[in-house]
Amino acid sequence: MELREGRPGKSEEGSLLAIYDEVARCNRCGFCLSVCPVYAITGEERAVARGHNVHLQDIIEGRLMISKELKQPLFDCLLCRACVENCMSGVITHHNVITGRAAYMRTLGQSRLLGFVFSKVLPDPKKMDFYVRAAALGKRTGLDRALSALGVLKWFGRDKDKVVDLIQHLPLRTFRQSPEDHPGDLEDADRTVAYFVGCGTNYALPYVAYSTVRVLKAAGCSVRILDNVCCGLPPFSYGDLDAARELARRNIEVMAEMEVDAIVTDCGSCSSFLKEYPDLFMDDPLYKEKASTVRPKLKALSEYLGEIGIPELPGSLDARVTYHDPCHMSRYQNLVNEPREIISRIPGIEYQELPEAGWCCGAAGTYNISYYGQSMQVLDRKVENIKKTGADIVVTTCPACNIQLAHGLRRHGLGCEVLDLAELVDRVLMQTPS
Ligand code: SF4
Ligand code: SF4
């Protein structure tokens, strides 16, 4: 990675200036300190919303140069929005942080590996399939050799051995590679939906995708599998806004072509970011318009089931269940009641509310890779709270949280299962009435 020090260039100055009022609105009151998961474990001012806004104001006012010393403060944030929710001044710090990351990336450059992944791999499903399959084979046949050959482990740094343990098994066949399991049109369907298959679901948790399809069909929907690419959230979170826009344009085109009642996804991060597409194109009226046209059809699975009604459930589930709120569901989309409402409708379940259910689990996209140690400290708090519920099953609605929670429960030797909401409903659907 080539690093230089410098003042932001013209375009970065423009984007930083655009957030100046937002940054300056932070009155340094410190209400955000008590809710920031990173501050809770580090106690460092630079890692909390107030610190982020001070740094950004200093850059914009010319007191601070963009330099590699800023990488840690800018990137050590989960983008969980807990600070935003608790800020009386309404400062949207997560947005400010991403704008700061974008300025950093453009001024100092990004690593070749990240650039390759964001611009060459994510837009190309064949390349994605190749690298994920290589990683899956590597896991079965000597992971270090295979991943080292791809240069991937360098990125993980000193925690590489622990990072690769995050996902226990990578399936050899993705959801998209198993067309025989996909549904055709449902005769007499009440409605037709397009299913946006997120990368996490497709590659790491394909069984969640099967469940989603079965649940939607049981709810009376014909399901078309959308020919989408990555939603663009990973490059966006890193500040690579051009790569995010390129992926968004591809998805907008395929979504705009679909004549369906809704576009549904089981990934809370994808649904949240897809809904934000119009904001990505403030300077591109054509795509802003196209994204805005698609926007009303975009639904998280639980949101859509809440609207059309959950399928009739032939069985019951004798289990104590709790629910973890992914930040991208609860804080980004205000979808808090919808998943709980669905769980409460399943006969036999004893629901136990999770203490601090909205506290981030520490996955935060790739935060658990970049800051593995801190991510595990954030996760430990979540696992301790899960323990208190005595739950047999913890349900969530985002693959990144799903993988992170399963990792945490394994680390703590807790015999509690992690299920996506779609799998939970599907488990009851699969039962035949006695
Ligand atoms: S971000 Fe909001 S809560 Fe935090 S110090 Fe600034 S004004 Fe206060
Ligand atoms: S977004 Fe989350 S991690 Fe980042 S400063 Fe706000 S509360 Fe802390």
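A residue is called buried here if 20 or more other C-beta atoms lie within 10 Å of its own, exposed if 12 or fewer do, and partly exposed in between.

**Figure 1. Overview of the predicted model.** The chain forms 26 helices and eight strands.

**Figure 2. The surroundings of ligand 2.** Ligand 2 is surrounded by 16 residues, of which Cys 36, Cys 77, Leu 78, Cys 80 and Cys 83 are the closest. Four helices, namely α3 (37-42), α4, α6 (82-85) and α7 (93-108), each supply at least two residues of the shell around ligand 2. This shell contains 12 nonpolar residues, three polar residues and one charged residue.

**Figure 3. Tyr 20 and Gln 57.** Tyr 20 belongs to helix α2, which covers residues 20-24. Although 37 residues separate Tyr 20 from Gln 57 in sequence, the two are 6.9 Å apart in space, taken from C-alpha to C-alpha. Tyr 20 counts as partly exposed because it has 14 C-beta neighbours inside 10 Å.

**Figure 4. The crossing of helices α20 and α22.** Two packed helices are described by the angle between their axes and the distance between the axes. For helix α20 (residues 301-308) and helix α22 (residues 337-344), the axes come within 8 Å and cross at roughly 65 degrees. The crossing in which α20 passes α22 is left-handed. On the side of α20 the contact is made by Ser 302, Glu 303, Leu 305 and Gly 306, while on the side of α22 it is made by Glu 338, Pro 339, Glu 341 and Ile 342. By class, the residues of the contact of α20 with α22 are three nonpolar, two polar and three charged.

**Figure 5. The four-stranded open sheet.** Four strands with parallel pairing make up an open sheet, in which they follow the order β2-β1-β3-β4. Because β2 (221-225) and β4 (298-300) each have a single partner strand, they stand at the edges, and one side of each is left without a neighbour in the sheet. From one strand to the next the twist averages 35 degrees. Within this arrangement, strand β1 (residues 191-195) pairs with strand β3 (residues 262-265) in the parallel sense over three bridges, and the bridge partner of Ala 194 in β3 is Ile 263.

**Figure 6. Strand β5 and its pairings with β6 and β7.** Strand β5 (residues 320-323) pairs with strand β6 (residues 350-351) in the parallel sense over two bridges, and in this pairing Arg 320 stands opposite Glu 350 of β6. With strand β7 (residues 393-396), β5 pairs in the parallel sense over three bridges, and the bridge partner of Val 321 in β7 is Ile 393.

**Figure 7. Helix α26 and what covers it.** Eight of the nine residues of helix α26 (residues 421-429) are buried, so this helix is largely enclosed by the rest of the structure. The buried residues of α26 are Leu 421, Ala 422, Glu 423, Leu 424, Val 425, Asp 426, Val 428 and Leu 429. Their cover includes the helices α14 (206-218), α20 and α22, together with the strands β7 and β8 (417-420).

Figure 8. Leu 79 is not a glycine, yet it has a positive phi of about 55 degrees. Leu 79 lies in the loop between α5 (71-75) and α6, and it counts as buried because it has 22 C-beta neighbours inside 10 Å. Glu 356, likewise a residue other than glycine, has a positive phi near 50 degrees. Glu 356 is found in the loop between β6 and α23 (367-370), and with 14 other C-beta atoms within 10 Å it is partly exposed.

Notes. Residues are numbered from 1 along each chain as its sequence is written. Chains are lettered from A and ligands numbered from 1 in the order in which they are written. This is a predicted model: local features need pLDDT of at least 70, side-chain atom pairs count only at pLDDT 80 or more; totals for chains, interfaces and linings use all residues. A residue is near a molecule or strand if its C-beta atom, placed from the backbone, lies within 6 Å of it. Ala, Val, Leu, Ile, Met, Phe, Trp, Tyr, Cys and Pro count as nonpolar, Asp, Glu, Lys and Arg as charged, and the others, Gly among them, as polar. Axes are lines fitted to C-alpha atoms, for helices over the stretch in contact, and angles run from 0 to 180 degrees between N-to-C directions. A crossing is left-handed if the near helix is turned anticlockwise from the far one by less than a right angle, and right-handed if clockwise. Two residues are in contact if their C-beta atoms, placed from the backbone, lie within 7 Å. Two strands pair if DSSP finds at least two bridges between them.
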